[in-house]
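Subject: Structure handover

Hi,

Here is the structure I said I would pass on.

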Amino acid sequence: MGDFNEIVILDAIRRAEHLLSRVELAAATGLSGQTISNITRRLLEAGLIREAGRRPADGGLGKPRTLLALEPTGQYAVGVHLDPAVVTVVLLDLTGQVVARHRSEPAGAADPARLIDGIALAIDDLIQSAGVDADRVVGVGIAAPGPIDVRRGVVVDPPNLTGWHNVPLRDELAARTGLPVLLDKDVTAAASAEKWAGGPQGEGSFVFFYLGTGVGAGLVIGDEVVRGSSSNAGEIGHVIVDPDGPLCPCGRRGCVGESSQPRYLVQQGIDAGILAAGIDLDDRHEVDAAFARLCSLPEASELLALLATRIAKVVEDIANLLDLDRVVFGGPHWERLAPSFGPVLRKELERRFLVRAVHPFTAVGTSLGADVGAVGAASLVLDHTFSPNPSVLLLG
């Protein structure tokens with residue numbers, strides 16, 4: 001219980017809009033003044049918090065109150081986002097700020113052992129280059145495409161990672177780095193990133209709509225990340241948005257995941273005469289370059305607006321079912337799509353949200369940029385270590 005109360009205090013300091021004194025911490029947490037005094041002393045000695053100035057007591061009477069803040073260098077966490085197109089590794093401090101980052105193409109992606117070796121080397125290089133004491137790194141989080149088996153730490157059969165069948169990614173990376181490792185889905189990690197480091201838009205209940213090599217939905221309900229019975233919640237890629245759309249590997253047409261792929265959008269651009277013919281649709285680099293051009297062309301606005309309308313329908317169903325506050329869009333493709341998507345999405349979702357007379361539903365882009373998956377992976381470690389989830393009391 002003492003450890004849990006430490007976590008409660010750390011979380012209260014982290015979430016506060018302004019610096020808190022010990023008196024204010026007692027009011028915010030319901031803990032006694034003596035408990036607050038004892039725990040903050042331990043946290044100061046451990047280097048997890050620091051004294052950050054003083055503020056006059058209420059009414060100007062009595063001694064000024066010492067204010068407390070998280071010590072950014074108190075602990076660090078590593079985050080790895082494994083995407084079929086890019087591997088991103090970040091180092092986060094205790095406040096959720098990115099201290100260092102590394103991006104690379106997943107060389108040897110079809111060979112899990114080779115790729116895991118490369119990730120382990122990237123983690124070691126990142127910690128050393130940042131000049132961080134390795135003893136202050138509490139663990140590694142991995143955001144991987146699903147489906148995954150969280151209990152065994154296994155990546156099962158991700159559709160866009162050829163050769164990855166029941167790969168024990170968690171344990172293999174732990175053995176190579178010597179650090180504790182957590183494995184979670186990429187969309188769940190992205191939602192965790194918003195909750196931990198996204199500021200006000202990471203509070204309450206929201207869906208994180210991930211646009212990358214695949215699409216997915218990460219859910220936060222009442223400030224808690226929702227994972228589902230097997231930690232595979234958020235598989236929305238096979239929601240049908242266009243019965244006449246592209247054929248999906250699942251055998252149906254018009255699934256939102258397949259309809260959102262750059263390859264399909266580039267093909268549509270060619271068919272509409274917006275892009276020149278001759279693009280090799282099997283060359284990922286060529287498709288990526290063509291996709292970037294497509295997103296920047298005014299002639300493509302109607303094509304992209306149609307996709308935005310279809311994605312809005314998926315978000316609408318989720319938001320109305322769960323009575324959410326907002327949708328946060330992000331992922332590797334969001335920054336390119338945002339100029340065309342943003343206005344359409346906001347208009348459609350404001351119109352379609354059924355309880356808008358009770359409270360608004362807003363659509364925003366992530367403030368964490370293209371690194372949101374990796375930031376989320378590191379946030380999983382910080383969240384697991386420092387968030388006051390009651391289930392912590394049951395852990396051995």
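A question to start with: is F329 buried or exposed? F329 counts as buried, at 1% relative accessibility. For that label I used under 20% relative accessible area as buried, over 50% as exposed and anything in between as partly exposed, with a 1.4 Å probe and protein chains only.

Some housekeeping before the rest. This is a predicted model, with pLDDT of at least 70 needed for local features and 80 or more for side-chain atom pairs, while totals for chains, interfaces and linings use all residues. Residues are numbered from 1 along each chain as its sequence is written, and side-chain values use heavy atoms, with hydrogens and water left out.

Back to F329, then. F329 is in strand β14, and β14 (residues 326-330) pairs in the parallel sense with β15 (residues 362-365) over four bridges. Strands and helices here are DSSP runs numbered from the N terminus (E, at least two residues, for strands; H or I, at least four, for helices), and two strands pair if DSSP finds at least two bridges between them. Across the pairing, G365 in β15 is what stands opposite F329. To get from β14 to β15 the chain passes through helix α11 (residues 334-352), in a right-handed β-α-β crossover. Right-handed here means that, with the strands pointing away from the viewer, the path from the first strand over the helix to the second runs clockwise.

Now the aromatics. Rings of Phe, Tyr and Trp (its six-membered ring) pair if their centres lie within 6.5 Å; planes under 30 degrees apart are stacked, over 60 edge-to-face, and the rest tilted. The count by this rule is three aromatic pairs. One of them is F209 with F329, a tilted pair at 5.6 Å centre to centre and 50° between the planes. That pair links distant parts of the chain, with F209 in strand β11 (residues 206-211) and F329 in β14, 120 residues apart. F209 is buried, at a relative accessible area of 0%. F329 also pairs with W334: the ring centres are 5.0 Å apart and the planes are at 15°, so this one is stacked. W334 is buried too, at 9% relative accessibility. Put together, F209, F329 and W334 form one aromatic cluster.

On to charges. I took a salt bridge to be a side-chain nitrogen of Lys or Arg within 4 Å of a carboxyl oxygen of Asp or Glu, and a search of the whole structure finds 21 of them. Three that I looked at:

- D11 with R14: the closest N and O atoms are 3.0 Å apart. Both residues are in helix α1 (residues 2-15), three residues apart, or about one turn of the helix, and both are buried.
- R336 with D288: the side chains meet at 2.8 Å, N to O. R336 is in α11 and D288 in helix α9 (residues 284-296), so the pair ties together parts that are 48 residues apart in sequence. R336 is partly exposed at 29%, and so is D288 at 32%.
- R351 with E348: 2.7 Å, N to O. Both sit in α11, again three residues apart, about one turn of the helix. R351 is partly exposed at 49%, whereas E348 is buried at 12%.

That last pair is part of a salt-bridge network that links E316, E348, R351 and R352.

The peptide bond from G146 to P147 is cis, with omega near 0°, and P147 is in the loop between β7 (137-144) and β8 (148-149). N166 is not a glycine, yet has a positive phi of about 50°; you will find N166 in the loop between β9 (154-155) and α5 (169-177), partly exposed at 35%. D223 is another non-glycine with positive phi, near 70°. D223 is in the loop between β12 (215-221) and β13 and is partly exposed at 30%.

Last item, the surface: I221, V226, L321 and L322 make a nonpolar patch of about 330 Å². V226 is in strand β13 (residues 224-226) and is partly exposed at 31%. Patches take residues with over 30% relative accessible area and no salt bridge, joining like charges within 9 Å and nonpolar side chains (Val, Leu, Ile, Met, Phe, Trp, Tyr) within 5 Å. Accessible areas come from the Shrake-Rupley method with a 1.4 Å probe, and for residues only the protein chains shown count as cover.

Cheers
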